[in-house]
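Let's walk through this model together, asking at each step what stands behind the words.

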Amino acid sequence: MALFQLFFISILSSCVAQDEDIMTPVVNIYSELKELKATVDVLTVDLNTAKNELAEQKSLIQDLQKQIKESPKVAFTASMSSTEDTHRGPFSSETKLIFDKVLTNIGNAYDPVTGVFKAPVKGVYYFRYSGSAFSSHDMGLSIFKGTARFVSSYEYNSGERNDQMSNGAVMELDVGEEVHMRLWVRTWIFVDPRYNYSTFTGYLLYPLDSTSV
């Protein structure tokens with residue numbers, strides 16, 4: 001009988017030990033929840049930061065779109081009209097060229113009657129010209145900002161069939177400042193009725209406000 005009791009007690013002790021192992025948690029649930037909450041808090045902060053940055057970028061894009069929409073549109077290209085192949089020059093003094101054949105004149109800042117571009121807004125502009133001449137004649141061209149020569153090109157007669165040249169410049173202009181082109185003394189420039197070899201072009205790169213330097 002005593003042996004049986006000892007055997008029963010041994011079995012009972014083994015079962016209690018197994019139950020205790022089952023009830024004992026493998027991990028500390030409170031600690032895990034605390035770490036999970038900390039991770040969620042960090043992710044929430046990152047998400048809010050991303051939302052704020054996205055809102056700032058959206059506002060910046062809207063401002064840029066508004067500036068582009070409200071920015072003045074200024075661009076022109078003009079050639080010289082003729083009913084046949086001919087030329088301008090030579091003249092005994094430097095002469096303003098009148099590019100009276102308007103190909104593009106967005107904003108109407110270029111006057112084909114006077115050959116003068118007048119800046120409608122303060123800004124940075126780009127101007128370019130091209131010139132063609134017979135090889136038996138010299139060709140000299142200049143862009144003038146007001147009464148001051150800005151950039152020039154000169155082509156000596158080369159003995160070839162035709163001569164071509166071009167040049168360009170970036171200018172900062174105040175409202176009302178004028179730009180035009182001149183033909184040098186005793187030089188020629190070719191004018192054709194169809195191909196527009198000789199042209200004068202300009203456009204606004206971007207406006208400047210009154211506080212710009």
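Q: What is the accessible surface of the protein chain, and how much of it belongs to carbon and sulfur atoms?
A: The accessible surface comes to about 14,200 Å², and 58% of it belongs to carbon and sulfur atoms. Accessible areas come from the Shrake-Rupley method with a 1.4 Å probe, and for residues only the protein chains shown count as cover.

Q: What kind of model is this, and how are residues numbered?
A: This is a predicted model, where local features need pLDDT of at least 70 and side-chain atom pairs count only at pLDDT 80 or more, while totals for chains, interfaces and linings use all residues. Residues are numbered from 1 along each chain as its sequence is written, and side-chain values use heavy atoms, with hydrogens and water left out.

Q: How many helices and strands does the protein chain have?
A: The protein chain has two helices and 13 strands. These are DSSP runs numbered from the N terminus: helices are H or I with at least four residues, strands are E with at least two.

Q: Why is His-180 called buried?
A: Buried means under 20% relative accessible area, exposed over 50% and partly exposed in between (1.4 Å probe, protein chains only). His-180, in strand S11, has 7% relative accessibility, so it counts as buried. Across the protein chain, buried residues make up 28% of the 213 residues.

Q: What makes the link between the side chains of His-180 and Arg-182 a polar contact?
A: A polar contact is a pair of N or O atoms within 3.5 Å; within protein, one must be able to donate a hydrogen and the other to accept it, and residues adjacent in sequence count only if both atoms are side-chain atoms. The two side chains are joined at 2.9 Å, hence the name.

Q: How do you know that Arg-182 lies over the face of Phe-144?
A: A charge sits over a ring if NZ of Lys or CZ of Arg is within 6 Å of the ring centre and within 35 degrees of the ring normal. Arg-182 is at 3.8 Å from the ring centre of Phe-144 and lies over its face.

Q: Why is Asn-108 called exposed?
A: Its relative accessible area is 63%, so Asn-108 falls in the exposed class. Asn-108 is in the loop between strand S4 (101–106) and strand S5 (110–111), and has a positive phi of about 55° although it is not a glycine.

Q: Why does Arg-186 count as exposed?
A: Arg-186 has 61% relative accessibility, so it counts as exposed. Its place is in the loop between strand S11 (178–183) and strand S12 (189–191), and its phi is near 60°.

Q: How many aromatic pairs does a search of the whole structure find?
A: The search finds 14. Rings of Phe, Tyr and Trp (its six-membered ring) pair if their centres lie within 6.5 Å; planes under 30 degrees apart count as stacked, over 60 as edge-to-face and the rest as tilted.

Q: Why is the pair of Phe-76 and Phe-127 called tilted?
A: The centres are 6.4 Å apart and the planes make 55°, so the pair is neither stacked nor edge-to-face. Phe-76 lies in strand S1 (residues 75–79) and Phe-127 in strand S7 (residues 123–134), so the pair ties together parts that are 51 residues apart in sequence.

Q: What makes the pair of Phe-76 and Phe-200 edge-to-face?
A: The angle between the planes is 80°, with 5.1 Å centre to centre. Both Phe-76 and Phe-200 are buried.
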